[in-house]
Amino acid sequence: MSLFSRRWLLIGFLLLTACGFEPIYGVNKPANKIMGKIDVEVSNGRNAFELRDRLIERLGVLESEPTYLLKYAFSINSKNLTISKDNDVTRYTLQGETNFELVDLASKKVIYTNTIVSNTAFSATAGTYPTAIAERDANVRLSRDMADKIVTLLLITAKDWMECS
């Protein structure tokens with residue numbers, strides 16, 4: 001059984017290397033070169049705070065003068081997902097959309113722009129306090145997920161936009 005597992009592991013590794021897969025992190029990789037070099041724009045609101053906090057956590061705290069500025073604008077919409085027989089809403093879905101752009105501070109040019117969409121849901125109860133806590137937690141999850149998607153896109157595409165700047 002052990003030989004069988006090793007064989008499939010080796011075949012999987014060979015397939016990944018044959019398709020051009022390479023790790024994002026490593027010595028002299030673009031992902032390591034941007035860590036601690038991206039300043040994240042400050043926005044107002046709880047969701048903006050959570051988004052910015054997660055972006056800084058994933059991209060690293062500024063080491064010195066930033067090389068890039070990450071600007072973003074997002075919106076979050078709430079929709080009724082489940083309605084009971086008594087016409088009570090028992091589950092809500094939150095959908096967030098974030099447009100972001102990365103600016104090279106030396107040239108003041110936008111070198112990368114993209115849009116991400118994310119969603120999450122929360123349950124409503126008869127009590128207002130538990131529902132409010134569930135909604136707040138869902139907003140935090142949504143903001144963190146959007147930040148993770150932004151960082152993933154930046155890391156995957158860093159090689160391309162670093163050549164442009």
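**A walk through the fold**

Author: Start with Ala138: at 0% relative accessibility, it is buried. Buried means under 20% relative accessible area, exposed means over 50%, and partly exposed lies in between (1.4 Å probe, protein chains only).

Reader: Where is Ala138 found?
Author: Ala138 sits in helix α4, residues 128–164. Helices (H or I, at least four residues) and strands (E, at least two) are DSSP runs, numbered from the N terminus.

Reader: Before we go on, what kind of model is this?
Author: This is a predicted model: local features need pLDDT of at least 70, side-chain atom pairs count only at pLDDT 80 or more, and totals for chains, interfaces and linings use all residues. Residues are numbered from 1 along each chain as its sequence is written, and side-chain values use heavy atoms, with hydrogens and water left out.

Reader: Back to Ala138. What is it in contact with, leaving aside neighbours within four places in sequence?
Author: Leu94, Thr120, Ala121 and Phe122. Contact means heavy atoms within 4.5 Å. Ala138 and Thr120 are 18 residues apart in sequence, and their C-alpha atoms are 6.5 Å apart in space.

Reader: OK, the overall plan. How many helices and strands does the protein have?
Author: Four helices and four strands. Along the sequence the pattern reads α-α-β-α-β-β-β-α.

Reader: And how much of the protein is buried?
Author: Buried residues are 30% of the 165 residues. Of the contacts with a separation of 6 or more, 63% are between residues 24 or more positions apart.

Reader: Let's pick a helix. What span should α3 have, and what does it have?
Author: Helix α3 covers residues 46–59, which is 14 residues. At 1.5 Å a residue it should span 20 Å, and its end C-alpha atoms are 20 Å apart, so the two agree. The expected span is 1.5 Å times one less than the number of residues.

Reader: Which residues of α3 are buried?
Author: Asn47, Ala48, Glu50, Leu51, Arg54, Leu55 and Leu59. Seen down the axis of α3, these buried residues fall within an arc of 165°, so they line one face of the helix. The arc is that of the directions from the helix axis to the C-beta atoms.

Reader: Why would spaced-out residues point the same way?
Author: An α-helix has 3.6 residues a turn, so residues three or four places apart point the same way.

Reader: Arg54 is an arginine. What does it contact beyond four places in sequence?
Author: Arg144, Ala147 and Asp148. Arg54 has 14% relative accessibility, so it counts as buried. Arg54 and Arg144 are 90 residues apart in sequence, yet 5.9 Å apart in space, C-alpha to C-alpha.

Reader: Now the strands. Is Thr98 buried or exposed?
Author: Buried, with a relative accessible area of 0%. Thr98 is in strand β3, residues 89–104. Leaving aside neighbours within four places in sequence, its contacts include Tyr72, Phe74, Ile116 and Met146.

Reader: Last one. Where is Trp8, and is it buried or partly exposed?
Author: Trp8 is in helix α1, residues 2–18. Trp8 is partly exposed, with a relative accessible area of 48%.
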